[in-house]
Every structure is written in C-alpha cells, then in structure tokens.
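I opened the notebook today to look up a few things in this structure. Here are my entries, in the order I went through them.

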Amino acid sequence: MTLAEYGCFIDGAWGAAAGGAMIDVLDPATGQPMARIARGQAGDIDAAVASARKALRGWADCPPVQRARVLAEIARRIAQEQEHLARLECQDTGKPLKQARADAVAAARFFEYYAGVADKVLGSSIPLGAEYFDFTVREPVGVTAQIVPWNYPLQIASRGLAPALATGNTVVMKPAELACLSVLELARICHEAGLPPGVLNVVTGLGHEAGAALAAHPGVGLVVFTGSVGTGREVMKAAAENIVPVLLELGGKSPNIVLADADLDKVAPALLQAAFPHAGQTCSAGTRVLVQRQAHAALSSRLAGLAAGLRVGPGLSDPDIGPLVSRQQQRRVLEYIDIGRNEGAEVIMAGQAMAGADLEAGNFVMPTLLDGAAPHMRVHQEEIFGPVLTLVPFDDVDHAVEIANGTEYGLVAGIWGRDVGQTHALAQRVQAGQVFVNCYGAGGGVELPFGGYRKSGFGREKGLDALLSYTQVKNICIRI
C-alpha cells in the first residue's frame with residue numbers, strides 16, 4: 001500500500017523539508033504506518049518565519065471585515081469536510097470516532113466565533129481634559145509560533161489559529177509528529193478558503209528539532225504551547241532569550257468533588273465521561289474523584305459497575321475507549337497502575353474488548369479505577385495521561401478543598417451536590433481556571449476562557465479573553 005505523504009506548507013505551497021527526510025506516522029490501533037510527514041529542520045523554520053513576516057503587514061492592514069469573511073469561509077469548509085477530518089483525526093490519534101466528530105464541530109466553531117469578533121476588537125478613549133485627545137488601539141503581536149500537541153491536533157490548532165488570524169497576526173505552526181494529519185488538512189482548507197500565502201505556515205518534524213527551533217526563533221512575537229510541564233519549561237527558557245511572551249497550557253490533575261447529597265446515579269456516568277475522553281489523554285480530564293466519606297462506597301460501586309460496561313477498541317469502530325497514542329505512552333500508564341497498586345490503592349480494571357480489536361497489536365490499556373487512594377500518593381499527584389481514575393474520600397468541605405488544591409496543577413474542577421450555597425462556596429475556594437458545578441464541560445467550550453493556575457500554565461485561550469494574548473495595547477496621546 002502506498003502511504004500518503006505530506007510536506008511542509010510554507011508561503012502558500014507544499015514542499016519537502018530541506019533535508020528531504022520523512023517520518024512515518026503510525027496507527028495507534030494497529031502499530032502500522034498510515035502516512036509519512038516531512039522531517040522539518042531549523043532551515044525550514046527560518047523559511048516559514050520569513051514568509052510569515054513578509055505576509056504580516058498585508059494581513060494586519062487588511063480590513064477586519066475582510067479577515068472575518070475569510071475566517072467564516074474556513075468555518076464553512078471545515079463543516080463541509082467534517083466527516084473526512086473526523087475520520088482522519090480518529091485514525092491518527094486513536095480517539096473514538098464520536099469524539100473526533102465533536103472535535104471537527106469545535107474546529108469549525110472556533111473559526112465561526114472569531115470571525116464574529118474580528119471587526120469588534122476595540123480600543124478606548126481616556127479623558128485627559130480639553131488639551132489632549134488620548135486613546136488606545138489593539139495591534140497584532142506579529143508572527144505567532146504555535147506548537148500543537150498530539151492529543152487534539154485539529155481542535156487545538158483551530159483554537160490558536162482562529163484568534164491569531166482574527167486579530168491580524170500571522171502564524172507558523174509546528175504540530176506533533178505523533179499525530180498531525182488533520183492539521184495539515186486544515187492548512188489546505190485555509191489556503192483554499194482564500195487565506196493569503198504566508199499568513200499560515202506549517203512545518204512538521206520532531207520536537208527537539210523543528211519545535212525547538214521555532215520556540216527559540218528571534219523572528220516571532222509570541223510562542224503558544226500546549227503540552228507537558230517539562231517541555232513548557234524549555235519553551236519558556238527559549239522564548240526568554242528573545243524576551244518573547246508565551247501562552248502556556250500545560251498539565252492537569254483535575255478534581256471532581258462529590259458531596260454526600262449528590263445524586264450518585266446521575267453523577268457516576270458523568271464522572272467516567274470526564275475522566276476518560278480520548279482514553280484519558282486529555283489535560284483537562286477529571287482524573288481525581290474526591291468523594292465525601294458517607295458516599296464513598298456507593299459511588300465506588302457505581303463507577304466499577306459502569307466501567308465494566310465500557311467497550312475498548314480501535315477509534316474507527318467508535319468504542320468508549322480507544323488506544324493510547326504510542327507504545328511509550330502505554331508503558332507509562334501501565335507503570336503508573338503498578339505504582340498505584342504498590343502505594344496501597346485498590347486496582348479495579350474493567351471494560352471489555354470489542355470484536356475485532358487486537359489489544360496486543362495496538363496501544364490499549366483497559367479503563368482502571370484506583371480506589372481508596374490517598375492524597376500523598378503519586379497516582380493522585382502526578383498526571384498519568386491514560387484511562388486511570390483515582391478515588392479519594394474526604395470528611396468535610398475544608399478537607400475537600402485542601403485535597404483539591406493539594407497538587408501542583410490547577411486547570412479544571414467539578415463540584416457535585418444539591419446545596420446551591422455549598423457548591424457555590426466551594427467553587428470560590430477551588431484554585432482552577434475553570435470550575436463546573438453539576439456538570440463537567442459545556443459543549444465544545446469555545447466561548448469559555450480556558451487556562452490554568454500554578455503549573456497548569458498561564459494566559460487564557462478560547463472566548464474573548466484569548467484576544468488579550470494575541471494583541472498588544474498601544475496608547476496614542478495627541479495634544480490638541
């Protein structure tokens with residue numbers, strides 16, 4: 001079988017990487033190659049940044065309404081190719097098809113949302129008396145370097161690209177080598193929708209080669225990174241050499257706090273949905289359940305029963321749990337399960353293989369509950385990035401807050417209970433960038449500002465708050 005091959009997309013054209021080398025992209029459900037991508041190097045990053053800098057003035061000076069129309073056309077074309085993009089994302093990442101379809105819907109919504117914002121990025125006037133006329137304007141930061149992870153390539157590429165374009169910036173994007181085919185298809189769609197050459201450039205390759213070169217490039221005005229804390233730290237160091245701001249969305253160990261008065265029959269399935277999207281390979285996954293001691297046994301029993309019914313298989317068969325992205329990630333998750341067992345947690349492995357699923361060939365891990373965990377355990381403190389959920393009992397609300405805030409992360413939290421006053425008070429005390437009460441997420445969340453506390457990163461993406469990162473304020477003062 002001839003594999004599809006993708007080059008780099010620079011200055012409106014596809015081409016091979018400067019060195020000519022290619023990387024195989026593997027299907028995580030089978031371990032077999034499914035495509036080949038260019039192995040971009042520092043020279044390719046140089047060419048992409050030069051192209052983006054050349055295109056910057058024309059795109060920034062473009063009337064905002066015209067930028068809005070281009071974004072709206074991109075949204076329309078993504079919606080038109082939704083099934084194609086979803087199936088590609090599904091096979092490339094391993095996630096269930098229904099989740100990949102939701103990603104494609106969210107990608108179109110990002111462009112639709114920021115198309116509506118592009119001509120509404122406003123300044124303000126500042127009264128200084130009759131002698132002066134003072135006002136502010138918001139200008140683009142310039143070339144934005146966007147390093148996209150492998151777990152949600154289509155959605156995360158769109159959430160950074162759409163506000164950057166809406167506010168007049170140009171983009172050089174480096175997607176993850178493990179899963180990036182939907183990002184390359186997105187670049188094609190943007191070009192076909194009328195985005196001028198150089199406004200979007202995509203260089204594929206390895207993180208320590210193309211990614212490192214992009215983060216350290218002196219020609220960019222903002223570095224946007226989603227990924228691990230360790231890599232985020234290196235990105236910050238590289239950007240600091242050029243005094244370039246960074247927008248970081250890093251790890252998470254998000255808690256769901258279940259109060260004794262919560263409706264457990266409704267809460268239990270929602271907790272599994274929060275914990276296991278994309279087999280738990282989601283920074284915002286609710287991987288810790290903090291349950292009030294009176295309800296612990298009942299909730300644990302419900303979760304174990306529901307987990308036993310989860311179906312595990314290849315993403316295209318639309319299971320509940322798909323494969324992990326790589327053998328390395330599979331080994332990491334299995335090691336954490338052993339760590340939890342050795343730390344004293346009760347390991348409950350559940351789920352069932354679907355017909356036709358070769359669990360040996362793919363990177364599969366059965367959904368796992370670690371019951372009776374303690375706050376000090378590594379499995380409770382560290383991001384596992386797999387289908388593993390820890391249950392920790394607490395005594396009272398103060399104890400719940402202490403446990404919830406007791407990790408180095410602070411990305412998302414959920415609170416479940418019938419007492420409105422108590423849940424609202426808890427929401428004020430939990431340190432997380434997003435707090436949901438009696439839900440976990442709200443559709444695609446395009447409109448909701450997203451970002452973290454502590455080592456979950458800083459800055460906000462999504463919603464109107466994203467515009468703060470992609471623009472800079474200029475004050476102009478005129479003496480009359």
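**Entry: a salt bridge inside a helix.** I started with Arg341 and Asp338, whose side chains form a salt bridge with N and O 2.9 Å apart. This is a predicted model, so I read the distance as a computed one. Both residues sit in helix 11, 3 residues apart, which is about one turn of the helix. An α-helix has 3.6 residues a turn, so residues three or four places apart point the same way. I looked up accessibility too: Arg341 is partly exposed at 40%, and Asp338 is partly exposed at 40%. I also noted a network of salt bridges with shared partners, made of Glu73, Arg76, Arg77, Glu81, Glu185, Arg188 and Glu192.

**Entry: salt bridges across the sequence.** How many salt bridges does the structure hold? I found 33. One of them pairs Lys54 with Asp11 at 3.4 Å, N to O. Lys54 belongs to helix 1 (residues 42-61) and Asp11 to the loop between strand 2 (8-10) and strand 3 (13-15), so this pair ties together parts that are 43 residues apart in sequence. Lys54 counts as exposed because its relative accessibility is 60%, while Asp11, at 32%, counts as partly exposed.

Next I checked Arg39, which bridges to Glu209 with the closest N and O atoms 2.7 Å apart. Arg39 is in the loop between strand 5 (33-38) and helix 1, and Glu209 is in helix 7 (residues 207-215), so the parts tied together here are 170 residues apart in sequence.

Entry: In soluble globular proteins, nonpolar side chains tend to be buried together. The largest nonpolar core here has 65 residues, and those touching the most other members are Ile78, Phe111, Tyr114, Leu161, Leu165 and Leu181. Helix 4 (residues 97-115) gives this core its largest share, 10 residues. A second, separate core has 57 residues, including Ala29, Phe364, Val365 and Val392.

**Entry: helix 9 and its cover.** Helix 9 (residues 264-275) has 12 residues and spans 16 Å from first C-alpha to last, close to the 16 Å expected. Its buried residues include Leu264, Val267, Leu271 and Ala275. What covers them? Among the covering elements are strand 14 (288-292), helix 10 (293-308) and strand 19 (388-394).

I then picked out Thr390, which is found in strand 19. Thr390 counts as buried because its relative accessibility is 1%. Its contacts, residues up to four places away aside, include Arg288, Val289, Leu370 and His380.

**Entry: two positive phi values.** Most residues other than glycine have a negative phi. Asp318 has a positive phi near 55° and lies in the loop between strand 15 (311-312) and helix 11. Asn438 also has a positive phi, near 55°, and is placed in the loop between strand 21 (434-437) and strand 22 (457-458). Asp318 is partly exposed at 23%, and Asn438 is partly exposed at 42%.

**Entry: a surface patch.** Last, I looked up Ile126, Leu128 and Tyr132, which make a nonpolar surface patch of about 240 Å². Ile126 is in strand 6 (residues 125-126) and counts as partly exposed at 35% relative accessibility.

How values were computed
Residues are numbered from 1 along each chain as its sequence is written. This is a predicted model: local features need pLDDT of at least 70, side-chain atom pairs count only at pLDDT 80 or more; totals for chains, interfaces and linings use all residues. Side-chain values use heavy atoms; hydrogens and water are left out. Patches are made of residues with over 30% relative accessible area and no salt bridge: like charges are joined within 9 Å, nonpolar side chains (Val, Leu, Ile, Met, Phe, Trp, Tyr) within 5 Å. Accessible areas come from the Shrake-Rupley method with a 1.4 Å probe; for residues, only the protein chains shown count as cover. A salt bridge is a side-chain nitrogen of Lys or Arg within 4 Å of a carboxyl oxygen of Asp or Glu. Helices (H or I, at least four residues) and strands (E, at least two) are DSSP runs, numbered from the N terminus. Buried means under 20% relative accessible area, exposed over 50%, partly exposed in between (1.4 Å probe, protein chains only). A nonpolar core is a set of buried Ala, Val, Leu, Ile, Met, Phe, Trp, Tyr and Cys residues joined through side-chain atoms within 4.5 Å. The expected span of a helix is 1.5 Å times one less than its number of residues. Contact means heavy atoms within 4.5 Å.
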